[in-house]
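User: I'd like to go through this structure with you, starting with the ligand. Can you set out the terms as we go?

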Amino acid sequence: MRRKIVAGNWKMNLVNTEAKQLTAELVGMIKSEIRKPVTIVLAPPFVHLNAVAQLIDKNGSNIYLGAQNCSSHASGAFTGEVSAAMIAAMGGAFVIVGHSERRQYFKETDHDLAEKVNRVLENNMQPIFCCGESQAERNGGRHFEVVNKQLEAGLFHLDAAAAGKLVIAYEPVWAIGTGLTATPEQAQEMHAHIRSLLQKRYGPVAQDISILYGGSCNEQNAASLFALPDIDGGLIGGASLKSRSFVKIISALN
Ligand code: PGA
């Protein structure tokens, strides 16, 4: 049985006091309102990992710590980088790898991402591996081809045991932060496609891999997306910065 997951990607938002306040609000609301078995991930900027970890810890909940990125290197002279080992030591359980903003603005290549996935797994954390096509690629009918290539290049070097630890996030680039959401049909179609690809490469373990939808997912549209058979939760950007909205999205999981 695959896990239902809602992950909040805070991106480059919130200073320390705000991060602590949001976490404290979420911990309280989730504890009193969320009864179902759902894995909740908070992915703050690196500098807030420790503060967020302390607040989650004290309350022993189903909330896990995530990071938005990590270095492709294990350690060493890489000024400004943060290693997977550092994140794990801070209590991290998940790391987002290959977000389209990382691919686009920081020129992360498929090779970098495959290495990052390795570093995350070596440190006993789970990668949330992002894939998704641009508007031009979808308009050109190339969305399946693009996603195939991203998965093959970033993940298919793994064996089935390692693949079982993956979480995938399908995030059409044209839907991220734009207010445009994939229709439930478009999302389900791609999620089913991703699962069939994983099935072909890895066999039955594909049924255990959670595939999240991301891209302008909010409290209005979450329920219709999460109702679909291959959508196992969401990776939430903007709407994860407001405690009430984020908790409503979690509540929308069936
Ligand atoms: P958004 O971002 O929900 O603000 O569209 C999603 C993401 O980038 O993970």
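Analyst: A polar contact here is a pair of N or O atoms within 3.5 Å; within protein, one must be able to donate a hydrogen and the other to accept it, and residues adjacent in sequence count only if both atoms are side-chain atoms. This is a predicted model, where local features need pLDDT of at least 70, side-chain atom pairs count only at pLDDT 80 or more, and totals for chains, interfaces and linings use all residues. Residues are numbered from 1 along each chain as its sequence is written, and side-chain values use heavy atoms, with hydrogens and water left out.

User: Which backbone atom is 2.7 Å from an oxygen atom of the ligand at Gly177?

Analyst: A polar backbone atom of Gly177 is 2.7 Å from a ligand oxygen. Ser216 also has a backbone N or O atom 2.7 Å from an oxygen atom of the ligand. From Glu171, a polar side-chain atom lies 2.6 Å from a ligand oxygen.

User: How much of the ligand's accessible area does the protein cover?

Analyst: The protein covers 95% of the 280 Å² that the ligand has on its own. Accessible areas come from the Shrake-Rupley method with a 1.4 Å probe; for residues, only the protein chains shown count as cover.

User: Which residues surround the ligand?

Analyst: Among them are Asn9, Lys11, His99, Glu171, Gly177, Ser216 and Leu235. By class, the shell has three nonpolar, seven polar and two charged residues. Ala, Val, Leu, Ile, Met, Phe, Trp, Tyr, Cys and Pro count as nonpolar, Asp, Glu, Lys and Arg as charged, and the others, Gly among them, as polar.

User: New topic. How many aromatic pairs are there in the whole structure?

Analyst: Three. Rings of Phe, Tyr and Trp (its six-membered ring) pair if their centres lie within 6.5 Å; planes under 30 degrees apart count as stacked, over 60 as edge-to-face and the rest as tilted.

User: Why is the pair of Tyr64 and Phe94 edge-to-face?

Analyst: The ring centres of Tyr64 and Phe94 are 6.1 Å apart with the planes at 80°, so the pair is edge-to-face.

User: Are they buried or exposed?

Analyst: Phe94 is buried, at 1% relative accessibility, while Tyr64 is partly exposed at 34%. Buried means under 20% relative accessible area, exposed over 50%, and partly exposed in between (1.4 Å probe, protein chains only).

Definitions and conventions. Near = heavy atom within 4 Å.
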